[in-house]
Amino acid sequence: MPVPSLTLAAAGLALLVQAGQPTAPHVPRAPVARHEGTVPAADLLARVRDCAPVSHGRYRSDTGAPADIPVCGTDGAVFWKADLDIDCDGRPGPHCNSGADPSFSGATAYPQSDGRPLSAETLPYIVVPAPSRRWDHREDGVRGGSVAAVVHGGRVQYAVVGDVGPAGVIGEASYATAKGLGLRTNPRGGGAASGVTYIVFKNSKVTPIENHAAAVEAGERLARQFVEGTPAAERSRRTVRPLTSRRPRAGSPR
């Protein structure tokens with residue numbers, strides 16, 4: 001029996017499609033998750049298993065939720081375990097703008113080196129609560145550009161402190177942070193409902209704040225010292241600056 005040619009087979013498929021035959025539905029791909037650095041998530045989580053509260057009270061994960069989240073402290077870091085709401089604030093882009101996020105703000109508490117707001121789409125950053133009697137992050141060596149390790153589902157995403165949120169709510173990070181963790185990035189309901197650990201290393205600072213490569217470099221070093229229990233007095237407290245020979249990649253913030 002003669003075998004139809006590939007051309008005839010393709011033509012037959014085209015006729016079926018034109019006749020309204022069902023085709024396989026398009027399934028959108030989930031964000032690609034990555035693990036930055038070599039310090040395992042499990043090792044970081046082991047170091048923050050116990051909580052010695054540094055906050056004078058507890059935070060809500062969302063407005064109206066129970067206030068049951070303390071900010072905890074160790075010798076070299078502060079940390080909290082919460083949800084992850086998507087922060088799209090900063091420079092508008094195709095994914096973060098007033099149309100995509102009804103609560104969008106074109107500003108961030110800490111601007112990048114050229115004075116423009118940070119880009120939530122491209123820069124992994126986290127949000128800390130505004131200073132209050134409950135907790136003033138500045139008293140624990142946390143400020144704009146401080147290095148953070150965000151842990152979820154066995155993955156580690158290094159970020160910087162880039163914005164300040166409401167005084168009574170905690171658990172928010174940028175679009176880029178969520179994407180790096182493999183979470184849904186839609187500001188309307190994306191992120192994670194629970195299971196996210198935020199570890200901010202005291203007295204650390206990345207300059208310029210938008211240099212994510214420098215944040216990863218510093219984060220990896222600080223995370224390894226943290227899990228090894230290196231005393232804070234032995235940790236470098238210098239401002240982390242990129243190497244003079246390092247040039248930004250095409251498309252990266254300048």
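The second largest pocket has a volume of about 400 Å³. On a 1 Å grid over the protein atoms alone, a pocket is an open set of points where a 1.4 Å probe fits, with protein on both sides within 12 Å along at least five of seven lines, and lining residues have an atom within 4 Å of a point. Its volume is the space filled by probe spheres set on the points, which are joined across faces, edges and corners. This is a predicted model: local features need pLDDT of at least 70, side-chain atom pairs count only at pLDDT 80 or more, and totals for chains, interfaces and linings use all residues. Residues are numbered from 1 along each chain as its sequence is written, and side-chain values use heavy atoms, without hydrogens and water.

The lining of this pocket comprises 26 residues, with Asp-85, Ile-86, Asp-87, Ser-103 and Glu-172 nearest the centre.

Turning to the helix, Asn-211 caps the N-terminal end of H4 (212-228; a DSSP run of H or I, at least four residues). A side-chain oxygen of Asn-211 lies 3.2 Å from the backbone nitrogen of Ala-213. Just after H4, Gly-229 takes a positive phi of about 75 degrees.

Finally, is Ser-119 buried or exposed? Ser-119 counts as buried because its relative accessibility is 7%, the limit being under 20% with a 1.4 Å probe and protein chains only. Ser-119 touches Arg-91 and Tyr-125 (heavy atoms within 4.5 Å), not counting residues up to four places away in sequence.

Note on methods
Helix = DSSP H or I, 4+ residues; strand = E, 2+ residues; numbered from the N terminus. Expected span 1.5 Å × (residues − 1). Polar contact = N/O pair within 3.5 Å; in protein donor to acceptor, adjacent residues only side chain to side chain. Buried < 20%, exposed > 50% of the residue type's maximum accessible area, 1.4 Å probe, protein only.
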